[in-house]
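The questions below work through a structure piece by piece. Each answer ends on the value or name asked for.

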Amino acid sequence: MSRANITVTVDGVTYTDDVEPRLLLVHYLRDRLGKTGTPIGCDTSNCGACTVHLNGESVKSCAVLAIQADGAEVTTIEGMADGQWHPLQQAFHSEHALQCGYCSPGMIMAAADLLRSNPRPSDQEIREGLEGNLCRCTGYENIVRAVRRAAEAGATS
Amino acid sequence: MTADTQAAQAEQGRARLRKEDARLVTGQTNWTDNIVLPGMLHMVFVRSPMAHARITSVDLSAARALPGVIAAFSGADFADEQGSLPCAWPVTEDIVIPAHPPMAVEEVRYVGEAVAVVVARDRYTAADAAALADVSYEPLPPVLDLRTALDESSPKVHAEGNKSFEWVFAQGDADEAFRGAPVVIERNYRQQRLIPSAIEPRAVVATDVGGEFTLWSSTQIPHVLRVMLALVTGIPEQNIRVIAPDVGGGFGSKLQVTAEEVLAVLVTRKLGRPVKWTESRSEGNLTVHHGRDQWQRIRIAADRDGRLRGLSVDLLADMGAYLMLVTPGIPLLGAFLYNSIYKMDAYSFRCTGVFTTKMPTDAYRGAGRPEATFAIERIMDELAAELGMDPLQLRERNWIRHEEFPYTTISNMEYDSGNYEAATARARELFGYDALRQEQNERNLDGDPVRLGIGISTYIEACGWAPSRILGQLGYAGGGWEHASVRVLPTGKVEVVTGTSPHGQGHETAWSQLVADQLGVAFEDVRVLHGDTQVSPKGFDTYGSRSVAVGAPAIFSACEKVLAKAKRLTAHMLEASENDIEFSDGRLHVRGDPEKGYSIPELALATFAAHNMPSGMEPSLDSDATFDPENFSFPHGTHLCAVEVDTETGQVSIRSYVAVDDVGKVINPMIVEGQVHGGIAQGIGQALYEEAVYDDDGNLVTTTLADYLVPSAADLPSYVTDRTETPATTNPLGVKGVGEAGTIASTPAVVNAIVDALRPFGITDITMPCTPERVWRAIQNARGNGGAA
């Protein structure tokens with residue numbers, strides 16, 4: 001199978017790799033770069049567990065080919081803390097917004113994108129903004145609280 | 001007294017933020033699918049597209065020829081070594097337990113059953129090769145409706161027939177209770193088939209190093225799995241190590257010994273290289289065991305004043321194609337709870353386990369108790385309507401009063417404690433019950449097209465999966481005790497080894513709180529070890545809301561033993577009598593003289609040096625304990641749900657939801673509240689959204705999360721929660737368990753609310769999930785439009 005050469009910056013580090021054109025971004029992150037902080041929860045882009053930022057916008061990395069990220073900047077959950085936890089990471093911890101934690105990376109990345117476009121969302125806007133990310137443990141109550149708390153703390157990026 | 005020990009005294013009951021979170025919110029987790037080992041190969045399974053068929057040929061030559069493919073195997077290749085997947089719960093003496101080869105050899109009995117496995121250097125190549133497998137089938141007729149599966153004319157899933165077992169229980173004279181009863185109501189309820197849907201798909205990594213096997217698996221049950229792998233494969237148990245790394249949710253679905261786990265071990269043994277298998281979601285929907293799937297016929301007899309006389313339950317329970325680990329026991333976990341919190345004269349129960357050509361069913365959050373609670377709480381509302389009583393008043397007339405505990409129910413359960421009056425009063429108050437009833441009446445009188453409905457669920461459940469003695473009486477092969485070790489390190493830090501195996505429940509935090517209090521050490525100084533049979537050699541793992549009710553008392557007991565040793569050592573070091581030593585504020589000291597004594601860390605250091613030990617005492621404070629309670633624990637509570645039903649569209653929206661639960665004493669209220677939230681959400685999922693659907697050929701239609709509707713944040717309401725606290729008397733901590741309570745309670749609360757909203761139309765039931773279409777059709781039918789409008 002033909003291969004394509006891509007250059008991608010992931011969490012501040014630039015990588016150049018030959019990849020199969022069909023390689024999913026999430027598999028590139030996990031299997032090639034060892035960035036296993038981003039998990040996979042489904043194969044139809046419904047669950048959102050694999051959400052990352054591609055050039056600052058949240059995408060489901062199971063629905064993006066690695067070659068589509070050529071030249072792009074990708075931020076994963078592993079790149080969110082900057083010396084200290086991102087306000088959303090802190091808020092998820094403080095509000096007990098995770099149990100098993102499998103959805104949390106995607107949930108936090110999606111919430112960050114939500115707050116970027118809507119810095120002070122209502123609870124309903126939080127719920128609708130995160131409806132592409134499924135959690136089976138928390139019933140979402142504390143996720144909504146966490147995003148609200150992060151918004152109040154001014155987490156807009 | 002130091003500041004540390006002062007703080008430590010207050011750990012239990014404190015909303016400690018979780019230790020687990022640091023790795024989970026930063027992506028430093030160790031999911032099974034993250035594991036990479038040198039030389040590791042990837043497995044992909046070829047699965048049956050037929051619900052029922054004879055395998056006529058399996059040709060893997062094209063798959064093997066693909067570059068990068070190491071091997072490919074059919075079921076026949078493992079026929080001599082794969083054994084049969086275990087069923088640990090033969091519920092009757094004459095139960096039919098068909099052979100269940102991990103990989104089908106001659107016949108397939110559900111869509112998704114594994115027929116071959118391809119092993120390649122990477123997952124993409126393995127998937128490409130699996131697509132090249134050429135398997136021929138001779139179709140056999142599927143068996144899809146458990147109501148007709150027992151007809152003589154029905155095709156057979158197994159040569160032995162479609163009936164697995166019939167299990168009965170009766171207490172009191174049911175005939176007498178029903179004969180001449182002024183009111184008898186009978187209903188048929190459908191417990192639809194559900195897919196547990198943990199967000200982490202299953203994954204397995206297996207290695208064979210010189211005959212010593214290690215299996216990493218996304219499992220709830222590393223200890224049980226180790227024993228079962230030894231029994232199934234014949235590999236000596238001491239040569240098997242099972243590790244459950246970070247596990248991304250279970251809800252019962254990972255309480256299983258799976259074909260993929262066994263086959264990973266067999267493949268690594270054949271190839272001598274590490275292998276990994278990670279399921280896709282669609283593969284998981286097909287082949288992770290399903291939950292529920294019952295038809296329930298329930299009859300209730302009462303006097304005109306609402307007093308219950310008797311209850312009769314007849315269940316058909318879909319086993320699916322095979323009996324897995326605890327498949328036949330699941331419906332029976334509800335058998336003793338249909339009578340719930342109510343007093344009555346007689347009760348009879350029958351359950352028939354039926355084979356169909358579908359994925360086997362097994363434990364899913366609540367496991368038998370949600371089904372029982374649904375049926376009794378639904379029919380209590382129907383009875384109230386029949387009698388013209390308020391449904392809360394009917395419940396109050398029949399429930400066990402708080403001063404009557406301990407109380408032996410008509411199903412022979414001994415409820416140790418409870419206070420249904422208190423929980424209900426608190427729920428009523430938080431909900432604004434009377435005001436909502438008034439609003440409902442007004443809107444009904446006005447003919448409001450959007451109707452208000454109020455749903456009630458005064459549930460109880462039996463949890464704390466133990467006691468071994470009772471499990472034995474029920475025919476279960478395993479025990480129910482739990483084990484713990486508490487080790488005090490030379491520097492005064494503490495390691496707690498638990499046999500519980502958390503996958504979201506926060507045991508690392510809660511057990512740390514418990515030990516900090518018991519030993520007077522700092523929360524931060526306690527580390528909890530779990531989930532690896534080499535680190536935690538004994539245990540019965542996490543399911544059935546058992547961890548706090550069985551696991552925590554084992555830790556408590558181990559701490560007591562540590563303290564007993566510490567006391568002896570203190571007495572020796574102070575040259576005092578052991579009888580004069582007491583433990584307070586984190587120090588063992590002479591009674592009345594707190595200055596004269598030692599902390600646990602100081603004593604641990606003394607045992608490390610061991611310069612001055614009492615004669616005959618080993619130089620260690622470390623202690624083990626096993627706890628096996630005498631009885632289940634019985635969480636209860638009152639959940640109230642208000643729904644708005646748009647009679648023009650059939651849309652149901654939950655307007656408010658109040659849950660007041662009594663789970664006894666609580667170690668960490670934040671974790672408990674989180675369990676309640678998540679439990680309610682899953683129960684609402686069953687009520688409104690979720691159903692595993694097979695078509696007429698036996699194909700699962702709901703193979704993705706686009707078709708199987710796990711609710712999102714936008715689909716669920718906010719919950720108001722509170723607790724009453726009636727301690728359990730069956731363990732030293734007074735705890736009961738909380739993992740399943742929300743799920744058990746919430747489904748009938750929601751459906752009762754919907755039916756309550758529509759009762760003025762003459763509607764007495766909506767089949768779950770109560771989708772807008774079903775609600776709309778029910779209204780059309782009630783209006784005589786036959787759903788055609």
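Q: Which helix of chain B holds B:Ile680, and is B:Ile680 buried or exposed?
A: The model is a predicted one. B:Ile680 sits in helix H17 (residues 669–689) of chain B. A residue counts as buried if 20 or more other C-beta atoms lie within 10 Å of its own. B:Ile680 has 29 such atoms within 10 Å, so B:Ile680 is buried.

Q: Which residue of chain A does B:Ile680 touch?
A: Residues up to four places away in sequence are left out of the list of contacts. Among the residues touched in chain B are B:Tyr657, B:Ala659, B:Tyr719, B:Gly742 and B:Ser746. From chain A the list has A:Gly139.

Q: How many Å apart in space are B:Ile680 and B:Met344?
A: In sequence, 336 residues separate B:Ile680 and B:Met344. In space, C-alpha to C-alpha, the separation is 29 Å.

Q: How many residues of chain B are in contact with chain A?
A: On the side of chain A that touches chain B, the elements giving two or more residues are helix H2 (87–94), helix H3 (104–117), helix H4 (123–129) and helix H5 (141–152) of chain A. By class this side has 20 nonpolar, 17 polar and 7 charged residues. Chain A puts 44 residues into the contact, and the number from chain B is 41.

Q: How are H9(B) and H10(B) oriented to each other?
A: The axes of helix H9 (residues 369–387) and helix H10 (residues 391–398) of chain B come within 9 Å and cross at roughly 105 degrees. Angles of 65 to 115 degrees count as roughly perpendicular. Therefore H9(B) is, relative to H10(B), roughly perpendicular.

Q: Into which classes do the residues of the contact of H9(B) with H10(B) divide?
A: H9(B) contributes B:Met380, B:Asp381, B:Leu383, B:Ala384 and B:Leu387. H10(B) contributes B:Pro391, B:Leu394 and B:Arg395. The division is 6 nonpolar, no polar and 2 charged.

Q: What span should helix H12 of chain B have, and how far apart are its end C-alpha atoms?
A: Helix H12 (residues 433–446) of chain B has 14 residues. At 1.5 Å a residue these should span 20 Å, and the end C-alpha atoms agree with that at 20 Å.

Methods:
Residues are numbered from 1 along each chain as its sequence is written. Chains are lettered from A and ligands numbered from 1 in the order in which they are written. This is a predicted model: local features need pLDDT of at least 70, side-chain atom pairs count only at pLDDT 80 or more; totals for chains, interfaces and linings use all residues. Helices (H or I, at least four residues) and strands (E, at least two) are DSSP runs, numbered from the N terminus. The expected span of a helix is 1.5 Å times one less than its number of residues. Axes are lines fitted to C-alpha atoms, for helices over the stretch in contact, and angles run from 0 to 180 degrees between N-to-C directions. Angles under 35 degrees count as roughly parallel, over 145 as roughly antiparallel, 65 to 115 as roughly perpendicular and the rest as oblique. Two residues are in contact if their C-beta atoms, placed from the backbone, lie within 7 Å. Ala, Val, Leu, Ile, Met, Phe, Trp, Tyr, Cys and Pro count as nonpolar, Asp, Glu, Lys and Arg as charged, and the others, Gly among them, as polar. A residue is buried if 20 or more other C-beta atoms lie within 10 Å of its own, exposed if 12 or fewer, and partly exposed in between; C-beta atoms are placed from the backbone.
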